[in-house]
Amino acid sequence: MSLSNEQWDFTKDISQLIKYASSIDIKLTPGECFRPQLMQEHYYDTGKSRTRHSLHNSKLAMDFSIFINGHICNNNLSSVRLGIFWEALDIHNEWGGFWKFVDINHFQRRRTPRPKRRGRTYDNLSVQVPDLR
């Protein structure tokens, strides 16, 4: 699939994520989507990223500020509901909250299906994925 088609699918899924968040009284405000390679290298060099190459460089990742009850959410079980929903939309979608280097604000679309999860899981939680289209 072409990069532009991947970006289009990612954009459609992001719109579904925003609608879902709104339906459960969570507000998402946009952060970083496109990141130039020099900025990615700076983040890597300063420890803000664990990789020199990010899907932000291809416009296939988005960081959001997450607000619950008017307060910024930095670590809350409610954000897990967003991650579960996000990954349920497509096998290529991956949420940073499930990583060892936890990044709850990060939602991305891999060009290949995400690998089987190791370590942190929330299998005991369920999120019904509504049809918001």
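The expected span of a helix is 1.5 Å times one less than its number of residues. I start there because the first helix in this predicted model can be checked with that rule. Helix H1 covers residues 3-23, which makes 21 residues, and at 1.5 Å a residue the helix should span 30 Å. Its end C-alpha atoms are 30 Å apart, so the two values agree.

Now the overall layout. The protein has three helices and five strands. Along the sequence they follow the pattern α-β-α-β-β-α-β-β. There are 133 residues, and 38% of them are buried. Among contacts with a separation of 6 or more, 60% join residues 24 or more positions apart.

Back to H1. Which residues of H1 are buried? They are Glu6, Asp9, Phe10, Asp13, Ile14, Gln16, Leu17, Tyr20 and Ala21. These residues cover an arc of only 165° around the axis, which puts them on the same side of H1. As a reminder, an α-helix has 3.6 residues a turn, so residues three or four places apart point the same way. The cover over the buried residues of H1 includes strand E1 (26-30), strand E2 (61-68), H3, E4 and strand E5 (106-109).

Helix H3 is next. H3 runs over residues 77-89. From first C-alpha to last, its 13 residues reach 19 Å, close to the 18 Å expected at 1.5 Å a residue. H3 is mostly covered, with ten of its 13 residues buried. Among those buried are Val80, Leu82, Ile84, Phe85, Trp86 and Leu89, and also Ser78, Ser79 and Glu87. H1, E1, E2, E4 and E5 are included in what covers the buried residues of H3.

His92 sits in the loop between H3 and strand E4 (93-95). Is His92 buried or exposed? His92 has a relative accessible area of 17%, and the cut-off for buried is under 20%, so His92 counts as buried. Leaving out residues up to four places away in sequence, His92 touches Gln108, Arg109, Arg110, Arg111, Thr112, Pro113 and Arg114.

Met1 lies in the segment before H1 and is exposed, with a relative accessible area of 61%. Met1 and Arg111 are 110 residues apart in sequence, but their C-alpha atoms are 8.6 Å apart in space. Beyond four places in sequence, Met1 touches Glu6, Asp9 and Arg111. Glu6 and Asp9 are also on the list of buried residues of H1.

Two backbone points. Most residues other than glycine have a negative phi. Asp25 is in the loop between H1 and E1, and with a relative accessible area of 63% it is exposed. Lys59 also has a positive phi, near 60°. Lys59 is in the loop between helix H2 (37-45) and E2, and at 42% relative accessibility it counts as partly exposed.

Last, the pocket. The largest pocket has a volume of about 330 Å³. How many residues line the largest pocket? The count is 17, and Ser49, Arg50, Thr51, Trp99 and His106 lie nearest its centre. By type, the lining divides into four nonpolar, seven polar and six charged residues.

Definitions and conventions
Residues numbered from 1 in each chain as written. Predicted model: local features only at pLDDT ≥ 70, side-chain atom pairs only at ≥ 80, totals over all residues. Heavy atoms only, no water. Helix = DSSP H or I, 4+ residues; strand = E, 2+ residues; numbered from the N terminus. Buried < 20%, exposed > 50% of the residue type's maximum accessible area, 1.4 Å probe, protein only. Contact = heavy atoms within 4.5 Å. 1 Å grid on protein atoms, 1.4 Å probe; cavity = no way out; pocket = protein on both sides within 12 Å on 5 of 7 lines; lining within 4 Å. Points joined across faces, edges and corners; volume = space filled by probe spheres on them. Nonpolar A, V, L, I, M, F, W, Y, C, P; charged D, E, K, R; others polar. Arc of directions from axis to C-beta.
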